[in-house]
Amino acid sequence: MRSGFFHYVFAATAATIVSGAVAERCDFVAYLVYSSMVTGFIYPVLTHWAWSRNGWLANGMDYEGDEGMFNIAYYDFAGSGIVHMCGGTAAFVGAWTMGPRIGRFDKETGTPIDIKGHSVPLAALGGFILLFGFFAFNGSSQGSISSPGDGTAVSISVVNTVIAGSSGAFLTMILNKLKWIGDGKWSFLTTLNGCLTGMVASCSGVSQYYTYAAFVVGLGGGVFYMIFTWLVLRLRVDDPLDATAVHFGGGLWGVIAVAFMSKDFGIFYHRDRKSGLHLAWQLVGMVSVTLWTGLICLIMFMTLKKIGYLRVPFDYELKGLDIPKHGEPAYPSEAYGHGWADKGDTLQAMVKKSFASSLAAVSTEGGPIVNAYMNTPEKMTGNPEVDALRKRQHYSASGSTTSVATDSTLL
């Protein structure tokens, strides 16, 4: 039961990675199909290969050395390859098959055009939830807390996760500030993705690293994030959340890094045939995950595209999927406006009515001092809606029509 719930959560993680790369244009039917395929078929095969007793990656091969026979196998403690490279590969194939969002690239030059998200604070909240979740994601991969050494392994995993995320965030922030590498800005969102990439990279060997090694792995995650972000844009693939760079790029580096940084078999510490064979098996696992996931996802997404269930119609993508697809506005018209009907443009009218009612109540009940203040246009509040209404009320009372017409345009 414990193992089943554990893999249920990991499978869901692999599937949700894809949603970020196909955001704002993916048909809901396609979402259901690829989520079912990733969680029900693609991920279970990979986890059998790498984490079951009978898996060929988990069993590896026996080799003969000076000290007798020894076994070398693929190592992935918390899923840099099995979870994150799987999700990152599926995300890239999905985004490539689906094509970019409307207006994402200049039609003539191919230059990327930024499409801003609607809320950086909500993105920050989502990033914080992921950062916090990584502690359990990596720590729980030990699979037990009651056996000797379990507590030590879990605590090391949590500490190394924080260290790798911090160094990844720091380096990504610096690299993005450099104009010949990034955009020359102190980007919060880029820093957040760098932190996530560092944590993704740490997964594979998080219980095997010394603290300074986790720091180095996080730095590598930041570098891989910047490289894959640039590469995806060069290929004109639209990945709104940089899911490919964070999960495939970070996972790729994580699978390789453990062969160098592991205190038990890393090349930097042992420099022998065994450590070299460990690197070879990490590369085999990396290629296997990519090919298996990429091939199945290519067939799946191309089939959905062929039958017309991959991408939403043009007008749906342009105006939003919430109302035509689901019948519920994600952002109620009374708060934002959505453009799908006359009711979508009522916000301004509601503001006018609300302020007009408030001013009328004040002017009739506030007494002579308040009335004099409210009817003097020079006493401005700094709010253009309120100020315009006050000026209109004043000039209407004085019989002037010119200022009324002029100031009403503010509303």
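# Helix packing and buried residues in a predicted model

Tyr63 and Phe70 are both buried, where buried means under 20% relative accessible area, exposed over 50% and partly exposed in between, with a 1.4 Å probe and protein chains only. This is a predicted model in which local features need pLDDT of at least 70 and side-chain atom pairs count only at pLDDT 80 or more, while totals for chains, interfaces and linings use all residues. Residues are numbered from 1 along each chain as its sequence is written, and side-chain values use heavy atoms, with hydrogens and water left out.

**Overall make-up**

- The protein has 17 helices and 2 strands; helices (H or I, at least four residues) and strands (E, at least two) are DSSP runs, numbered from the N terminus.
- Of the 411 residues in the protein, 43% are buried.
- Contact means heavy atoms within 4.5 Å. Among contacts between residues at least 6 apart in sequence, 67% join residues at least 24 apart.

**Aromatic rings**

- The structure holds 22 aromatic pairs. Rings of Phe, Tyr and Trp (its six-membered ring) pair if their centres lie within 6.5 Å, and planes under 30 degrees apart count as stacked, over 60 as edge-to-face and the rest as tilted.
- The pair of Tyr63 and Phe70 is stacked, because the ring centres are 6.0 Å apart and the planes are at 25°.
- A cluster linked by ring pairs is made of Phe6, Phe10, Trp51, Phe134 and Phe137.

**Helices α2 and α11**

- Helix α2 (residues 28-51) and helix α11 (residues 273-306) have axes that come within 11 Å and cross at roughly 160°. Axes are lines fitted to C-alpha atoms, for helices over the stretch in contact, and angles run from 0 to 180 degrees between N-to-C directions.
- That angle makes α2 roughly antiparallel to α11; angles under 35 degrees count as roughly parallel, over 145 as roughly antiparallel, 65 to 115 as roughly perpendicular and the rest as oblique.
- The crossing of α2 and α11 is right-handed. A crossing is left-handed if the near helix is turned anticlockwise from the far one by less than a right angle, and right-handed if clockwise.
- Residues of α2 in this contact include Ala30, Val33, Tyr34 and Met37, and those of α11 include Ser288, Val289, Trp292 and Thr293.
- The contact of α2 with α11 has 16 nonpolar, 2 polar and no charged residues. Ala, Val, Leu, Ile, Met, Phe, Trp, Tyr, Cys and Pro count as nonpolar, Asp, Glu, Lys and Arg as charged, and the others, Gly among them, as polar.

- Helix α5 (residues 120-139) packs against helix α7 (residues 188-202) at an angle of about 15°, with the axes 11 Å apart. The two helices are therefore roughly parallel, and their crossing is left-handed.
- Among the residues making this contact are Leu130, Leu131 and Phe134 of α5 and Leu192, Cys195 and Leu196 of α7. By class, the contact of α5 with α7 has 14 nonpolar, 3 polar and no charged residues.
- The axes of α7 and α8 come within 8 Å and cross at roughly 125°, which makes α7 oblique to α8. This crossing is right-handed.
- The contact of α7 with α8 includes Thr190, Asn193 and Gly198 of α7 and Gly218, Gly221 and Tyr225 of α8. Its residues divide into 4 nonpolar, 7 polar and no charged.

**Single residues**

- Tyr43 is in helix α2 and is buried, with a relative accessible area of 2%. Tyr43 and Ala15 are 28 residues apart in sequence and 8.9 Å apart in space, C-alpha to C-alpha.
- Leaving aside neighbours within four places in sequence, Tyr43 is in contact with residues including His7, Phe10, Trp51 and Ile82.
- Glu24 and Asp27 are in the loop between α1 and α2. Glu24 is partly exposed, with a relative accessible area of 47%, whereas Asp27 is buried at 5% relative accessibility.
- Not counting residues up to four places away in sequence, Asp27 touches Tyr309, Leu310, Arg311, Val312 and Lys325.
- Phi of Glu24 is near 75°, a positive value in a residue other than glycine.
- Phi of Asp242 is near 55°, again a positive value in a residue other than glycine. Asp242 lies in the loop between α8 (211-234) and α9 (243-261), and counts as buried at 18% relative accessibility.
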